[in-house]
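Dear colleague,

Here is the structure I promised to hand over. My notes on it follow below, and I would be glad if you read them with the model open beside you.

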Amino acid sequence: MPKKIMVVDDDPDIVDYLVNVFEDHGYETCRASDGISAYDVALAEKPDLITLDIEMPHEWGPRFYRRLTSEEEFSDIPVIVISGLSGIHLAIRRAVATIKKPFDPADVIQIVREALGE
């Protein structure tokens, strides 16, 4: 059964790009455009890993992450922060990686594989 990755970003082009990259490498995907909808998607879809933008409308990435990881079943879910903001390595201290936009998809796939123990 393929692992599922949730892509959370308010830029639909980034979401489409990452979803295509992940699906081309055999992963299932789900998506959300902000922290509020991402919470509902995560509860419904049960992803194995999340890529997360920091600056989004309605609810920023770190607030969504804190809210989600307060749920026991998501307390240890790996998150990869992908953002154009500077200082992103400080946004979510438990992130398995922080990647600055623009990014190399090969780097993202390598980090995903390591985070998922593949």
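In this model β3, helix α3 (residues 61-69) and β4 make up a β-α-β unit that is right-handed, meaning that, with the strands pointing away from the viewer, the path from the first strand over the helix to the second runs clockwise. Helices (H or I, at least four residues) and strands (E, at least two) are DSSP runs, numbered from the N terminus.

Before going further, please note that the model is predicted, that local features need pLDDT of at least 70 and side-chain atom pairs count only at pLDDT 80 or more, while totals for chains, interfaces and linings use all residues. Residues are numbered from 1 along each chain as its sequence is written, and side-chain values use heavy atoms, with hydrogens and water left out.

Strand β3 (residues 49-52) pairs with β4 in the parallel sense over three bridges, where pairing requires that DSSP finds at least two bridges between two strands, and Leu52 has Val81 as its bridge partner in β4. β4 also pairs in the parallel sense with strand β5 (residues 97-100), over four bridges, and here Ile80 stands opposite Ala97.

Five of the five residues of β4 (residues 79-83) are buried, so this strand is largely enclosed by the rest of the structure; buried means under 20% relative accessible area, exposed over 50%, and partly exposed in between, with a 1.4 Å probe and protein chains only. Both faces of β4 are covered, with Val79, Val81 and Ser83 buried on one side and Ile80 and Ile82 on the other.

Turning to helix α1 (residues 12-24), its buried residues are Ile14, Val15, Leu18, Val19, Val21 and Phe22. Seen down the axis of α1, these fall within an arc of 165°, so they line one face of the helix, the arc being that of the directions from the helix axis to the C-beta atoms. The cover over them includes β1 (4-8), β2 (28-32), β3, β4 and α4 (105-115), judged by contact, that is, heavy atoms within 4.5 Å. On the other side of α1, Pro12, Asp13 and Asp24 are exposed, and the helix is followed by Gly26, whose phi is positive, near 90°.

Finally, His58 lies in the loop between β3 and α3 and, at 66% relative accessibility, counts as exposed. Leaving aside residues up to four places away in sequence, His58 touches Asp34 and Ile36.

With best regards
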